[in-house]
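Work through the exercises below with the sequence and the model open. Each task is followed by a solution in steps.

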Amino acid sequence: MILVLENKIAQNQKDKILNYLSDQGCITREIMDAGRNVIGVIGKSNISLEEFKQMDGVADALPIKTSYKLVSRDFKSEDTKVKIGNVVVGADRIVIIAGPCAVESYDQAMTIAKEVKKYGAVLFRGGAYKPRSSPYSFQGLEEEGLKILAAVRDETGLGVVTEITSVSQADLMMKYVDVVQIGARNMQNFELLKCVGRMGKPVVLKRGLASTIQEWLMSAEYIMAEGNNDVILCERGIRTFEPYTRNTLDLSAIPVLKKLTHLPIIIDPSHATGIREKVSPMARAAIAAGADALMIEVHNNPDQALSDGPQSLYPEQFGQLTRDIYVIAPVVGKQLDFDYLKKSEIINNSQTSDSKTAAFIGEYGAYSHKASLGYFGEEIKPVPMKTFKDIFQAVQTGICQYGVVPLENSLSGSIHENFDLLQEYDLKIIGEITIRVKHALIAHENVSKKQIKKILAPPPAFSQCKNYLDQYPDIELVPVTATSSAVRQIKDSGDKTLAAIGSTMAADIFHMTVIEESIEDNPRNYTRFAIIAKEVKGNKKVNKTSIIFSTGNKPGALFEVMKVFSEYQINLVKLESRPMLGKPWEYMFYADLEADIEAPELAPVMEKLIDKSENLRILGRY
Ligand code: PEP
Ligand code: MN
């Protein structure tokens, strides 16, 4: 059962309830979930649900109907995010774990680690104790392998994941690795499950070769019952009658698990298929189906690998796969961040925890809020602002370290105000992120479309949903500043004739109902955001430069500037003209270039640009 406590419950009242339950032999777990203080109760007490509901300080008492309890969505409705160093599994950024099946030598592990890191992996895998079908096969380097893993972490900064096959290895695992893996063959080794539950390190729990989802979740419950909440489930294929692939990848487990449990999910297409060329298609499908992470076997010399060579990708193939994932992830509201580790390092080296903030427009649940989570993950606290100018002002004055501002949308075009603010303020663009904007029509519970008289949204959202809204000419469109504000306003009004256009995230945050999903005219609706800051810290790889400049008022002046880009084969991905501040009928040009024009080898480009343009300013290199 779960007890939802009243927000204002007195501590002595809470203690009374906890003591009573403990006297009855129940196990209790207190958590905050979706803003509610909840106690999960495992075991039977003499008091009925109805009697609990009458108790002082108890707002509600609900049964958990499944046999797994702590693992269940009924107990915890919010997704669990497992933190491994600076990496978070279960949030908006896809986590890529890659490495060989087994650690074979220092050189082999280090070479592969550097390759997979280059292509976007943020955790390194490699077995030191290998559970092999044959006792005559390579069994792993054991402690020597763990030492190599620790060296890989120290050298590359990648957290390391390895399999534990016996309770006796617990101390060594505690000493050398960041994540312990329970292999498929040990999914129901209950002593081992209890052991990793007590160890307290994050655990990857692989699904057994022939285990049901129910059995798998009961195994996760064993770990959580020992007090370890950092459990990540890993689907790695199950035994079926089909012999073509090594196992059969059960991708439907992803949406099934997302409903049943709050725990994050990894897909391992390597052990699932056992065939190199089948790994990437299944990995792409897994991300499309909602997986939080991928675990991929990669080897620099698969023909000579001591285990699982035939299913290991070559590093370059792995690189092609992560590029595909980069494109697919935003379709399902996620991101693959090639700067994941570098970014964390910069943020953690340069800020104290209370200054890690990013200003965004609107309220929680805004697309800008989502963009902030997609770019920074959990490391930066998003701070809502009322206007775009407030964001620039907050960053300029140091109230917030970063700002997240939309620049353009694939359907409704540029957000001119922000181009003007970039001109006005002396701030730097330090990064960018593009997210898919999937609009929903949101209203109060049990409201039908016929009841709606007014729809609130910002003007760009109206224009992105024009075809949909044209079907309802009698509904009045009321402009507001942000989609999230629209959702909050209709909630606060309590008015059932009002609806809002916004994200499903905003609907969740404000506990409102989605009447219709994906109402934008074209599903390829993406918004690109710039991340702004006062100064650039740390060195990330530079792919793009944003500049603003003006030209003299003479024939061919803009052409002269463009000619420089043409001459040096620099691709221009955006060119926008905006009126110059305070100078009627004079224009500034804003341009994005696919190059780092401050790189030493492009010094002649800079020289020529300075010569051919006026007021040249580099807004950012990122
Ligand atoms: C592994 O990850 O190398 C492994 C042995 O996996 P599984 O337990 O899924 O077979
Ligand atoms: Mn393997």
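**Exercise 1. Surroundings of the ligand**

Task: In this predicted model, list the residues around ligand 1, then give the distance from ligand 1 to a polar side-chain atom of Arg-185 and of Arg-236.

Solution.
Step 1. The residues around ligand 1 include Cys-101, Lys-130, Glu-163, Gln-181, Gly-183, Ala-184, Lys-206, His-271 and Glu-297. The arginines Arg-125, Arg-185 and Arg-236 are also in the list.
Step 2. For Arg-125, a side-chain N or O atom is 2.7 Å from an oxygen atom of ligand 1.
Step 3. For Arg-185, the distance from a polar side-chain atom to a ligand 1 oxygen is 2.9 Å.
Step 4. For Arg-236, the corresponding value is 2.5 Å.
Step 5. Polar contacts require N or O atoms within 3.5 Å, a limit that the 2.9 Å of Arg-185 meets.

**Exercise 2. Placing Leu-172**

Task: Which helix holds Leu-172, and which residues does Leu-172 contact beyond its neighbours within four places in sequence?

Solution.
Step 1. Leu-172 belongs to helix H5, which covers residues 170-176.
Step 2. With neighbours within four places set aside, the contacts of Leu-172 are Tyr-129, Glu-143 and Leu-146.
Step 3. Lys-147 is 25 residues away from Leu-172 along the chain, and their C-alpha atoms are 9.4 Å apart.

**Exercise 3. Domain 3 against domain 4**

Task: Describe the interface of domain 3 and domain 4, beginning with the domain bounds and ending with the salt bridge across the interface.

Solution.
Step 1. Of the five domains, domain 3 is made of residues 340-437 and 526-533, while domain 4 spans 440-517.
Step 2. Their C-alpha centres are 25 Å apart. Domain 3 brings 14 residues to the contact and domain 4 brings 15 residues.
Step 3. About 1100 Å² is buried between domain 3 and domain 4, with 60% of this area from carbon and sulfur atoms. On the domain 3 side, Glu-363, Gly-365 and Tyr-367 provide 45% of the buried area, more than any other three residues.
Step 4. The interface of domain 3 and domain 4 has seven residue pairs in polar contact. Helix H13 (residues 367-376) gives four residues to the domain 3 side, the largest share. By type, that side has six nonpolar, five polar and three charged residues.
Step 5. One salt bridge is found across the interface of domain 3 and domain 4. Glu-363 forms a salt bridge with Arg-488, with 2.8 Å between the closest N and O atoms.

Key
Residues are numbered from 1 along each chain as its sequence is written. Chains are lettered from A and ligands numbered from 1 in the order in which they are written. This is a predicted model: local features need pLDDT of at least 70, side-chain atom pairs count only at pLDDT 80 or more; totals for chains, interfaces and linings use all residues. Side-chain values use heavy atoms; hydrogens and water are left out. Domain bounds come from an automatic or database domain assignment. Contact means heavy atoms within 4.5 Å. Buried area is the accessible area (1.4 Å probe) that two parts lose on being put together, summed over both. A salt bridge is a side-chain nitrogen of Lys or Arg within 4 Å of a carboxyl oxygen of Asp or Glu. A polar contact is a pair of N or O atoms within 3.5 Å; within protein, one must be able to donate a hydrogen and the other to accept it, and residues adjacent in sequence count only if both atoms are side-chain atoms. Helices (H or I, at least four residues) and strands (E, at least two) are DSSP runs, numbered from the N terminus. Ala, Val, Leu, Ile, Met, Phe, Trp, Tyr, Cys and Pro count as nonpolar, Asp, Glu, Lys and Arg as charged, and the others, Gly among them, as polar. A residue is near a molecule or strand if one of its heavy atoms lies within 4 Å of it.
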